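Take a look at the model below.

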Amino acid sequence: MRKSLFLVAGTVLFGMLAFTSCDKDDKKGSEVIAPVKAETLWNSTNGLVLAVDGNDIIGGSVLYTPDKNDATKASLLVKGEIMDFSSLLSFDMDASKAILEAATLNVLPGQPSLEMGITMEVADGIGSFEGRGESEYCTYSYKGQVSEAGLNLAFADVALKNQTLAGTEWNLRSPNPNLNLNTIDIECSDSKSQAASLVGLISMLRPFLTINTVADEKVSVDMWLCEALSSLRFYENGAWNFYFKKPFTNQIPSELPKTCLNYVLGENNTMRMYVNVGNIIRSLIGPMPTPTPVLTVKSGISDNMSAMITSQISGMLVQYLMDGIPFMYEMTDKAALKLTIDPTFVGSIISIVLPLLQNPEVQSELMTAISENPDMAMLAALLPDLLKSLPTELDADILISINFVAPVLV
C-alpha cells in the first residue's frame, strides 16, 4: 500500500515538473521582439505615411522611441519638419542674415507637436496599435503599424471640443460706400489718442489704394478680396479653408488641401488660426528649393534699417506661425461673422512699420511715388504734415476686423 502511494505521488510530481518545464519552454519560444529596436526618426523620405481624417500630411515627422523594458510599448513624438524659407526671401541677404525657419504643420488643431505612448500587438516583425486620445482642444482616435520598413500613422474622428463655428460657411461682405460698409474695418480704440492719427492716415490713403483687374480696371482692395476669396469654411475637425480664384475672371474656385490650415477656439470668443506655410508651398509648387541667395532686391532703405526690419519681421513671423495668429470672433444669429485680429499682433507689426515711416529716405520715396500719381495730388500736399503727426509708438489699440456674411441660398 505504502509502495503504491509513493508510486502515485511520484507520478504526480513528475507530471507537475514536466508541465512546468513545457510552460517555460512555451514562454521562451513566444518571447516578443520589438518591431523597431532603436530610436528612429521617420519622415516622408524614409517610410512615414501620416494622415488626418483621410487626408495625407506633407512634411510631417515622427520620432519613434522604443521602451527599453517592454517590447510592446513605445512613444511617438509627432510634429512638422523644420523648413528653411531663406531661398524664397527677396531681401538683400548681405544686408540681413536672417533665415526664416518654421514648423510646417500642426498635426492636430493647436498642437505643433504631439507626444503619445502606444501599446502594440507584434507579429511577423510588425507592431500594430490603435487607441483614442484627447488634447487641450480636441478628441481623436488613432491607428497604425510600425516595422523596420516604415511607420504608418492615421488619426481619425478628430473633433474640436468647441464646435461653435464648425460646419459654417461664409462669404466676404461686399463693400457698400453708400451705407459706409467695408469688407475690412480699421478703427482705433481711443479716438483721442496719437494712434488715431495713424488710423486717420490709413483712412485717407484707403480710397487711393487700388488694384488693377485683368481688364486693366482699378478696383478697391476690398472689392478685389471679395472676388479672390469666394468662401470661407470651418470644419468640425479643426480645419479651416477658403475657395479662391483669380479675381474678375471665370476661373473655377480652388481649395487648398485640408491639412494646410487649422483653427482652435478658446474662452471669451478667442480664436487662433494656423497657417501651415510649408504644407501650402509643397502643395502648390512642390518641394522647397535648395536654400541659396536669391536675386538681390534693393529697397533704397539703409542697410542697417533693412537688417533690423527683416530680423524683426522674421522673428515675429516664426513665433506666430508656431503659436497661431490670434483673433476675436463675433457671430450674429449665424448670419454675420466678424473676425478681429488681436491688437497685440497688429501692434507688433506696426511697431516695426512706424520706424520705417519715420525714416527720411522712406518718406522721400513715398512722396515721390505719390507725386507721380495725378489722382493723389491732393494727398501729396497733405502727406508731409500727416507723417509728422504719426506717433513714434502706439498708445491705443488698433482694431482690424474682417466682415463675413452667410451665403445667400439660391
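Val 52 stands opposite Asn 55 in β3. Its own strand is β2, residues 48-52. Two bridges join β2 to β3, and the two run antiparallel. Strands here are DSSP E runs of at least two residues, numbered from the N terminus; two of them pair if DSSP finds at least two bridges between them. Strands of a sheet pair through backbone hydrogen bonds, either parallel or antiparallel.

The open sheet has six strands, in the order β3-β2-β12-β11-β10-β9, with mixed pairing. At its edges lie β3 (55-56) and β9 (121-123), each pairing on one side only.

This is a predicted model: local features need pLDDT of at least 70, side-chain atom pairs count only at pLDDT 80 or more, and totals for chains, interfaces and linings use all residues. Residues are numbered from 1 along each chain as its sequence is written, and side-chain values use heavy atoms, leaving out hydrogens and water.

A cavity is a set of points, on a 1 Å grid over the protein atoms alone, where a 1.4 Å probe fits but cannot get out; lining residues have an atom within 4 Å of a point. Volume is the space filled by probe spheres set on the points, which are joined across faces, edges and corners. The structure holds two cavities of 30 Å³ or more.

Last, the cysteines. Cys 260 has 0% relative accessibility and Cys 188 has 18%.

Notes:
Buried means under 20% relative accessible area, exposed over 50%, partly exposed in between (1.4 Å probe, protein chains only). On a 1 Å grid over the protein atoms alone, a cavity is a set of points where a 1.4 Å probe fits but cannot get out, and a pocket is an open set with protein on both sides within 12 Å along at least five of seven lines; lining residues have an atom within 4 Å of a point. Helices (H or I, at least four residues) and strands (E, at least two) are DSSP runs, numbered from the N terminus.
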